[in-house]
Amino acid sequence: SGTHCPRGYYCDPSQCQSSAMCTTTACPQGTFSNKTDQHSNETCSYCPAGTYSNVIAATSDATCQPCAAGRYSHLIGAANSLVCEACIAGKFSSEVGQATCQSCPIGTYSSTTAANSSTTCLPCSPGKSNTAEGATSLASCDWCPAGKFGTGGAPCQACTTGMYSNANASQCYAASQCPQHSYCPGTSGAE
């Protein structure tokens, strides 16, 4: 009997005048259908999040174009690139076709929008860090407290037993190096 409804289209059986004559309706932009003889628009598959397609009657997901690096879209079935939003400051997308952006890690920040690489996440200065992912400015970097140290680009880390640090430290020192008139954990106290 042959194919009545081609790929990229669907045919509502109630609109058929005979088994050989059905009105075809194209799958809309943002969708595709790689099967024949489909009977409703629900059989048109959506382009996935992070992609879009302005093609009508698309027959494969190859028509779904990815959002560029530095951009993302959480929407499925998008019809054009306008849905691809720029990653906000503090976030980046280094690959095409992403549904979300990644946050800059703790110890870094970025004021760049539409960032397409993690290299836009700049490290806090040694002795400093921040407490949340996705920081957007150098001002988010605070000095590490006494007993902790910061190497820049990572969270402040606690000194191990027998080691000490003052506030703002980029490393810990052995308690035997404790400055005179200072309290250093793991020693007998002020000298």
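**Close-up views of ring contacts and disulfides**

**View 1. Lys 128 over the face of Trp 143.** Lys 128 lies over the face of Trp 143, 4.6 Å from the ring centre, where a charge counts as sitting over a ring if NZ of Lys or CZ of Arg is within 6 Å of the ring centre and within 35 degrees of the ring normal. The model is predicted, so local features need pLDDT of at least 70 and side-chain atom pairs count only at pLDDT 80 or more, while totals for chains, interfaces and linings use all residues. Residues are numbered from 1 along each chain as its sequence is written, and side-chain values use heavy atoms, with hydrogens and water left out.

**View 2. The aromatic pair of Tyr 164 and Tyr 173.** The whole structure holds 1 aromatic pair, namely Tyr 164 with Tyr 173, which is tilted at 5.8 Å centre to centre with 40° between the planes. Rings of Phe, Tyr and Trp (its six-membered ring) pair if their centres lie within 6.5 Å, and planes under 30 degrees apart count as stacked, over 60 as edge-to-face and the rest as tilted. Tyr 164 is buried at 7% relative accessibility, whereas Tyr 173 is partly exposed at 33% (buried means under 20% relative accessible area, exposed over 50%, partly exposed in between, with a 1.4 Å probe and protein chains only).

**View 3. The disulfide of Cys 5 and Cys 11.** Of the 9 disulfides counted (pairs of cysteine sulfur atoms within 2.5 Å), this one has its sulfur atoms 2.2 Å apart, and its S-S torsion is about 100°, so the disulfide is right-handed.

**View 4. The disulfide of Cys 104 and Cys 121.** The sulfur atoms of Cys 104 and Cys 121 lie 2.1 Å apart, the torsion of about -75° makes the disulfide left-handed, and both residues are buried.
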